[in-house]
4 protein chains.
Amino acid sequence: MRILFLGDVVGRSGRDALVARLPTLRAALRADLVVVNGENASHGFGLAPDMARAMMGAGADAITLGNHAWDRKELIPFLEQEPRVIRPANFPPGTPGRGAVVVEVPGNRRALVVNVMGRLFMDALDDPFRAVQAEVQRHRLGAGGTIQASVIDVHAEASSEKAAFGHSFDGLVSLVVGTHTHTPTADYQVLPGGTAYQTDAGMCGDYDSVIGMQKGGAALRFWRKMPGEKLAPAEGEATLCGIFVETDDATGLALRAEPLRQGGRLSQAMPAV
Amino acid sequence: MRILFLGDVVGRSGRDALVARLPTLRAALRADLVVVNGENASHGFGLAPDMARAMMGAGADAITLGNHAWDRKELIPFLEQEPRVIRPANFPPGTPGRGAVVVEVPGNRRALVVNVMGRLFMDALDDPFRAVQAEVQRHRLGAGGTIQASVIDVHAEASSEKAAFGHSFDGLVSLVVGTHTHTPTADYQVLPGGTAYQTDAGMCGDYDSVIGMQKGGAALRFWRKMPGEKLAPAEGEATLCGIFVETDDATGLALRAEPLRQGGRLSQAMPAV
Amino acid sequence: MRILFLGDVVGRSGRDALVARLPTLRAALRADLVVVNGENASHGFGLAPDMARAMMGAGADAITLGNHAWDRKELIPFLEQEPRVIRPANFPPGTPGRGAVVVEVPGNRRALVVNVMGRLFMDALDDPFRAVQAEVQRHRLGAGGTIQASVIDVHAEASSEKAAFGHSFDGLVSLVVGTHTHTPTADYQVLPGGTAYQTDAGMCGDYDSVIGMQKGGAALRFWRKMPGEKLAPAEGEATLCGIFVETDDATGLALRAEPLRQGGRLSQAMPAV
Amino acid sequence: MRILFLGDVVGRSGRDALVARLPTLRAALRADLVVVNGENASHGFGLAPDMARAMMGAGADAITLGNHAWDRKELIPFLEQEPRVIRPANFPPGTPGRGAVVVEVPGNRRALVVNVMGRLFMDALDDPFRAVQAEVQRHRLGAGGTIQASVIDVHAEASSEKAAFGHSFDGLVSLVVGTHTHTPTADYQVLPGGTAYQTDAGMCGDYDSVIGMQKGGAALRFWRKMPGEKLAPAEGEATLCGIFVETDDATGLALRAEPLRQGGRLSQAMPAV
Ligand SMILES: [Fe+2]
Ligand SMILES: [Fe+2]
Ligand SMILES: [Fe+2]
Ligand SMILES: [Fe+2]
Ligand SMILES: [Fe+2]
Ligand SMILES: [Fe+2]
Ligand SMILES: [Fe+2]
Ligand SMILES: [Fe+2]
């Protein structure tokens, strides 16, 4: 299966770039499954239902979230209707929405997508490792199994926690990819057990910024310790950032993992087709 | 000036790779200045004086540190004798060692190297922004100035704090590069004002690990919440990770910034020469 | 039922005072149930089995722990044999020991003791609120029930989290009392639903100290940001600190809550008998 | 000098109680100096200028703040005009307002009041210990000195940091008292060097609450990890909480320290007159 995962879409710049370029990109990569993290799409804070629809219309099969899941309240009822938009699985029992979805993929295949939130330097949710383990154990990966691929979006701050996720599920899922730092990492690899891994997918946003927000105001917050003006997303051209993985449908494991960086300020990277 | 910065050297794997390959690398890149972060050289925790000497013998002009600066107590008196090994500048007054050094560079040039520690999700040191500002303002950058280049190693957890550093000093220094997450980022760029920037240089260590430490024990710490065995560095072949920057001696600003990843598991990247 | 709860016993000073005075105190108060937090008994870090035995020998019916539960490794097998020494209930599945115990009380009565750890400004364990809820729901409180009293030791940093515990379980348990800050609070009260509450029981230790540790070295850590000498417990006379609660066996709820502070530097407080 | 310090005034309940009872209380205690922490007066978040005026009109000689200093923007220009309202001294250079004030006291005496914020589990400000040291060293304490008393409000989360403050300045100031946890501690004492100390003064607010806010909504935030309704202050009768200290004008050091708890749910405590 050919899987494209794109990191946190930030504001109008990120949304516009995603909606404009994803159709072409999906076709060029002949991607079977596209997953996008959308937690910052709405002016940097949350995701509105119409934005989710636009992103799915442009080719996203599933949308993941993170600590900004609840910033746009309209999303809460929407999560109940639209199973392809998922929030971290380790919110406490009774939280609206779901933490995982199984997506139909061309060729009579299915893929599991799970979203989870780390706890190091973040709010204390339920155990993310056991939450992912529970989702993964509900399915059988590979030819003849219930799913042919599985993607885990680990929305987390600390590189150590994400790496611990990669190794804990190495050989059990197709891809463990981090989000939340809004910075693409260059450590993409296929781990020894066959799971593709990248510590952070990076954001889909303007990289002349402080993690997507306008740099002047955002930097000032570190110099002054008073609330300033509300932060707004930077408006320059976005770089779409993510990881492309090709898996073996027989095993559900990764054959290769390559970075994607398209448009905007960052050095360009396009997976081989 | 041709500047190579290499991130946190972790354990024997990182040290051996650095000492073995830096001479060749320095020659191949015709680097004028090499800076290495050494805070994890000693079994993952701190830097011993003989390791610092070996790293300088192999071609490091200056060595920076971080939160592990004090893990090896022998380093404390060594810092007083060896000005080229620096610790974060924003420790409180009275802390042993120095936070900055001016290094002589071939061609009658000089370069300032500053080490500083972020505060987001880290211990509360003095203000890192004003600490760097003070160091930077002691010098005049460029032709006819007191220094022809300046490198700021921002040892910090949060991508936002590092990005705020990049923009705050854009146009004032040659390079702002992060360390501490042990994961190379792919956002290397020359910022609009002319400062080269990369959120994290990545580590010089084995990338089949949890940020350099053996993956089994390190991952287990996230599953069990009890102290386990002491963590030990992973022993596979290291990838040397860093950033290469070419600056204009007339302005001290960056002409280009390119990633370096040599050896080990990660995809290889070699700056153009 | 007459319940005495004493907070974190710190070092030799705390242990000696506890063992020497608890028999008299227990008799004077005609206490039916005595619970003691012992997580700092061993030189400030952990609890050794012989210390647990001495504390139980002096009159403790149950001993609770906290973030220092695992500092003395000998305690781990001991926890399996001695059900009256409990560790926080919200450690992950598979953790040695138990988070709750039912103690026999004179007069054919039984009391539930639960230990739990907060998460605000502490390590991320499982949900402490649902963990306590699960323990509480296993029993029926009051005359004709399975237990006639219940004590929850909330080992937590933040006053808000402890207060949230008090109100969440108000009317469902006999006493919610905090530990961990090593400072007795003066907000003891019976909440509107009938549960006795005090944000922190305070420590059993020398109050001419930094939360039980020698003040010179402990204060220095805030002035210097380098590891200093290992902290050691202060050795002056301890104040035993805690809360005394009288409950109605018919309902299991509190009739009154009064502070106890005996010996050492703090102002003395003795519950009415 | 007879000094009354009252902790964080929370919402209308706290303000009403303070304004109604402070005149009587001041007279009854024959207090020479009254200091009140006002950071939560405005619906729990910040302080409005008219509230500050009302509190001073009722007998507060100085008002301190904390992490909520900037929640009401109207206070920022007010701080420039009204030196008796102070914000933490360790905000970075350039922050509006002042961190200390010298107040005239009847009998031709003067008292220094300093406000400072801790850093453990809080935002990273400048070094609070050196900030207080600088303020303290500007004055000479005692008969013939420039001040006859000095009060340090340490607005901090961790009991260890506050205790370290007490011991660091023991013998150098009249009173070190903590605020911010909204919970009065029972560890009031005169330290060996002569400085009065209490880890937290407690709040002036309704104690049937979660640190002053309505208990239902505030407790729910620990059960659900989604933003709920905006928190509002509890509206029951407030307990005024604080510490009363009598000092020797010859030395500026404390002769006695006693708790004050007046009104509302908590057990009542009134200093001896
Ligand atoms: Fe994000
Ligand atoms: Fe996020
Ligand atoms: Fe490091
Ligand atoms: Fe580090
Ligand atoms: Fe403790
Ligand atoms: Fe503790
Ligand atoms: Fe407050
Ligand atoms: Fe506060």
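Buried means under 20% relative accessible area, exposed means over 50%, and partly exposed is in between, using a 1.4 Å probe and protein chains only. Keep that handy for the tour.

This is a predicted model, where local features need pLDDT of at least 70, side-chain atom pairs count only at pLDDT 80 or more, and totals for chains, interfaces and linings use all residues. Residues are numbered from 1 along each chain as its sequence is written, chains are lettered from A and ligands numbered from 1 in the order in which they are written, and side-chain values use heavy atoms, with hydrogens and water left out.

**Stop 1: an iron ion in chain C**

Select the iron ion (ligand 5), then show D8(C), E39(C), N40(C) and H182(C). These residues coordinate the ion through OD, OE, OD1 and NE2, in that order, at 2.1 to 2.2 Å. Donors here are N, O and S atoms within 2.8 Å of the metal (3.2 Å for Na, K and Ca), and since water is not among the atoms, sites may look incomplete.

What is the geometry of this site? With angles of 86 to 166° among the four donor atoms, the site of ligand 5 is irregular. For that word, the rules go like this: four donors count as tetrahedral if all angles lie between 85 and 135 degrees; four count as square planar and six as octahedral if opposite donors are over 155 degrees apart and all others between 65 and 115; anything else is irregular.

Along the chain, the donors of ligand 5 have the spacing D-x30-E-N-x141-H. Helices (H or I, at least four residues) and strands (E, at least two) are DSSP runs, numbered from the N terminus.

**Stop 2: F91 in chain C**

Stay in chain C and pick F91(C), in the loop between α3 (75-81) and β4 (100-105). F91(C) is buried, with a relative accessible area of 6%. Setting aside neighbours within four places in sequence, F91(C) is in contact with K225(B), W70(C), L125(C) and D126(C); contact means heavy atoms within 4.5 Å.

**Stop 3: two helices, chains C and D**

Next, select helix α6 (residues 215-223) of chain C and helix α5 (residues 159-168) of chain D. They pack at an angle of about 105°, with their axes 9 Å apart. Axes are lines fitted to C-alpha atoms, for helices over the stretch in contact, and angles run from 0 to 180 degrees between N-to-C directions. α6(C) and α5(D) are therefore roughly perpendicular to each other. Angles under 35 degrees count as roughly parallel, over 145 as roughly antiparallel, 65 to 115 as roughly perpendicular and the rest as oblique.

Which residues meet here? On the α6(C) side, look for K215(C), A219(C), F222(C) and W223(C); on the α5(D) side, S160(D), E161(D), A164(D), H167(D) and S168(D). The residues of this contact divide into four nonpolar, three polar and two charged. In that count, Ala, Val, Leu, Ile, Met, Phe, Trp, Tyr, Cys and Pro are nonpolar, Asp, Glu, Lys and Arg are charged, and the others, Gly among them, are polar.

**Stop 4: an iron ion in chain A**

Hop to the iron ion (ligand 2). Its donors are E39(A) (OE), N67(A) (OD1), H155(A) (NE2) and H180(A) (ND1), at 2.1 to 2.2 Å. Angles of 86 to 151° among the four donor atoms make the site of ligand 2 irregular. Bring in the iron ion (ligand 1) as well: ligand 2 and ligand 1 are 3.3 Å apart, and E39(A) coordinates both. E39(A), in the loop between β2 (33-37) and α2 (49-57) of chain A, and H180(A), in the loop between β7 (175-179) and β8 (189-190), link parts of the chain 141 residues apart. E39(A) is buried at 1% relative accessible area, and H180(A) is buried at 15%.
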